[in-house]
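Have a look at the model first, then read on.

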Amino acid sequence: MSVLTRDEAQTRAQFLDVHRYTIDLDLTGGEETFDSRTVIRFTTATAGDTFVELKPATLRSISLDGQPLDPADLTENRFPLTALTTGAHELRIDAAMRYSRTGEGMHRFTDPTDGETYVYTQLFMEDVQRVFAAFDQPDLKSVFELTVTAPDGWTVLGNGIAEHRADGRWTLAATPPISTYLVAVAAGPWHSVTTEHAGLPFGIHCRRSLAPYLDTDADEILDITRACFDRFHEKFDEPYPFDSYDQAFVPEFNAGAMENPGLVTFRDEFIYRSAVTDTERQTRGMVIAHEMAHMWFGDLVTLAWWDDIWLNESFAEYMGYQTLAEATRFTDTWVDFGVARKGWGYDADQRPSTHPVAPDPAAVPDTASAMLNFDGISYAKGASALRQLVAWLGEKDFLAGINTHFARHKFANATLADFIDNLASATDRDVHAWADAWLRTTGVDTLTPHIEETDSTWSLTVDHNGSRPHRIAVGAYDHTPDTHLDADRLVPRDRFEIDVPHNGTAEALPGRRPALVVLNDGDLSYAKVRLDPTSWETAVRHLSGIPDALTRAVVWNTARDMVRDGELTPTVYLEAARAHLPHETDLALAQGVLAFAGIHITDHYLTPEHRPAALATLTALCRDLIRRTEDGHNPGLRLIAVRHLIDAATQPDTIHDWLTNGTVPGGPELDPELRWRILTRLAVLGATDETTIAAELEHDPSATGQQGAARCRAALPTPEAKAAAWHALFNDDSLSNYLFTATAQGFWQPEQADLVRDYVPRYYPEATRLAARRGPAIAEAAGRYAFPAHAIDAESLHLGEQALNDKDLIPALRRKLIDQIDDLRRALTVRNAH
């Protein structure tokens, strides 16, 4: 397939303007293909040649200005349009298109629970070509009119209000000018909850088998939607630019969600079948807010080329967390961001694949390279940079600049230069210099405090390893004056702001030095921080006594980074978790610390001989948390502890009893998520079999159950089970994206290293062939989930480094392998450091 280059896009944008697409989709033709008929009306500025993109199963006919063209002229995904004259043109295309099972293009899913079928589009980057012919680049915006023929009993959703006509066809209201990648259709026998807000129709939709679960949470979802909608209208001068607001929770979705104007699509795991924590509900709320922010930043004003993808994602990420905190009951969103999302950014920024938040245009020469930038840098680091910008600029000036940006570029496209100019128009500060320092550089700065004290004063100097300016708060904490009341509690003495590096030395401050000094208190900047020796000793002993959860998040991140950098023994982190998590009140922190301890430390940073002791520590910690929550006052913390105890189990007896009895003693009762979680761990331990897995699947035949069974079967510790799973992953191209992921998750297990050792060298050539055959979505899944991440030794590292020399690696797989191999290298370094 030919990928679009930046140069080609710029040339085509200067050559033509696209005015209107009229698209007719027929979804009644069977399980493999659907019909797509497209009329594109455009004008050319001069005489010349160009091309239109299309990936059909069959191109039946194509005509230009009423003259038929030869369908055989289609080469890969491009059809040439030659000898165009200046002026208006009409292009007509009639094609059969393939349904997808990988979440790309028009994805088709049949629900195993009730046999109902659903289809939906995901057209991001260049997948519109899988659904209809298009001049496929973001700066050729157009009006779109769609008509859809669907089976009886189906509802059709789209970017505009849908009308069901008497002939069984659905017409969608014409859109304002939008980019091709933002067109959306979702069709099927949806269960819908509808309402009206601010004079607009609002709806939430899911497949019928999830109807009871959507109904349970409908009030919460709609309340968050309305609250964020109203808050954005307080922030933004431009009103919501579309005619309706639907949110569809769709099956086997490749991303968290997609910001299609008027029809946001979400992965339907956000419709909870099983118990979840309040932090998980907060995450769902953040995604709702994130996607709604895109209606302005991304949809109303769209990037001109994919090098500015951060403008979409960083802005929506920042606004998602900030607006949810301002408008809903979830007021501590930045704690979750600090402990869950920020580490994603720090990790990505320290790998060989790092890139600036706003990369040089030359670094994004085509769509294939652009796809590689959807990572922790474009999301978490970019959002952190914007949060630092707001702290430095002030929210009033920041929003003034944003509103100027919307007014100048609405329903059009804009670049980084436009964005910075519009911000600069609202302030006397040097925003251009800030952008150069923050958006055009790579890597993570490190801030280290040095404290001097006399009998009556203390002062702070900050060692700044990096190049960016930071506006940070410094928190000073003392032990509680009455140790008889709470010996572990710390109380804030002072909090002051400093600029680093400009005035990184504070004036002499009165009193003896504090027991704890925390740089970047409040987590307003993006930098790794360290503690001075006295503060570190205080933190190790009294971390749970720090009064503010966001400050605790900064300290836990310090410990996390020290482990990753080989400066802190992993077992010390585990001991700190063992000591302090039983007293932790913030669910996001408890989940974040346990996840790092359970995934990174026990599975990667500790050698196999030290792993059992670490799992025993985690098990004891989780038992403490379960005992602490016996009175039912914190079910979310109890659920987190139960999950992690299951994952850390080294003996099957306890969790097998839970499965048999259908409950954890004292609660919770086992819902489908917990039952499959236990069964997966029992499979790893060799304490279950195919008969039991099949019986559980009969009890829960849902899509989630199918994935659970695939994960369990791949985790069984027998040569036959591993061979079957490997064949399914690398030879069965009918496997959907979700079933591929579930099978891959079960295959590699630390306890089964000897059993799967021979598969490690097989992975690289077979993953390379698979990625070339099935495309970027499966390539990304193969690199993320099917990678032998637990094979941590010099030989595996050498195999991985050699594999990167293979010129046949498609970009999506290459990027994942670069990251995975760097993580492998880091794990070896951490092991060797201790």
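## Rings and holes

Y318 is buried, at a relative accessible area of 3% (buried means under 20%, with a 1.4 Å probe and protein chains only). W334 is buried too, at 7%. Keep in mind that this is a predicted model: local features need pLDDT of at least 70, side-chain atom pairs count only at pLDDT 80 or more, and totals for chains, interfaces and linings use all residues. Residues are numbered from 1 along each chain as its sequence is written, and side-chain values use heavy atoms, with hydrogens and water left out.

There are 49 aromatic pairs in the structure. To pair, rings of Phe, Tyr and Trp (its six-membered ring) need centres within 6.5 Å; planes under 30 degrees apart are stacked, over 60 edge-to-face, and the rest tilted. In the F297 and F406 pair, which is edge-to-face, the centres are 5.8 Å apart and the planes make 70°. That pair ties together distant parts of the chain, 109 residues apart: F297 sits in the loop between helix 3 (278–294) and strand 20 (301–303), and F406 in helix 8 (residues 395–409). (Helices, H or I with at least four residues, and strands, E with at least two, are DSSP runs numbered from the N terminus.) Both F297 and F406 are buried.

Back to Y318 and W334: they form a tilted pair, 5.9 Å centre to centre with 35° between the planes.

Some rings have a charge over them (NZ of Lys or CZ of Arg within 6 Å of the ring centre and within 35 degrees of the ring normal):

| Charged residue | Ring | Distance to ring centre |
|---|---|---|
| R78 | F51 | 4.2 Å |
| K722 | F747 | 5.0 Å |

Now the voids. The structure holds seven cavities of 30 Å³ or more. A cavity is a set of points on a 1 Å grid over the protein atoms alone where a 1.4 Å probe fits but cannot get out, and lining residues have an atom within 4 Å of a point. The largest has a volume of about 70 Å³, and its lining includes Y346, N520 and D561. Helix 12 gives the most to that lining, with four residues.

The second largest cavity holds about 60 Å³ of space. Among its lining residues are W536, L543 and Y573, and helix 11 (533–542), helix 12 and helix 13 (570–580) each supply at least two.

Methods
Buried means under 20% relative accessible area, exposed over 50%, partly exposed in between (1.4 Å probe, protein chains only). On a 1 Å grid over the protein atoms alone, a cavity is a set of points where a 1.4 Å probe fits but cannot get out, and a pocket is an open set with protein on both sides within 12 Å along at least five of seven lines; lining residues have an atom within 4 Å of a point. Grid points are joined across faces, edges and corners, and a volume is the space filled by probe spheres set on the points.
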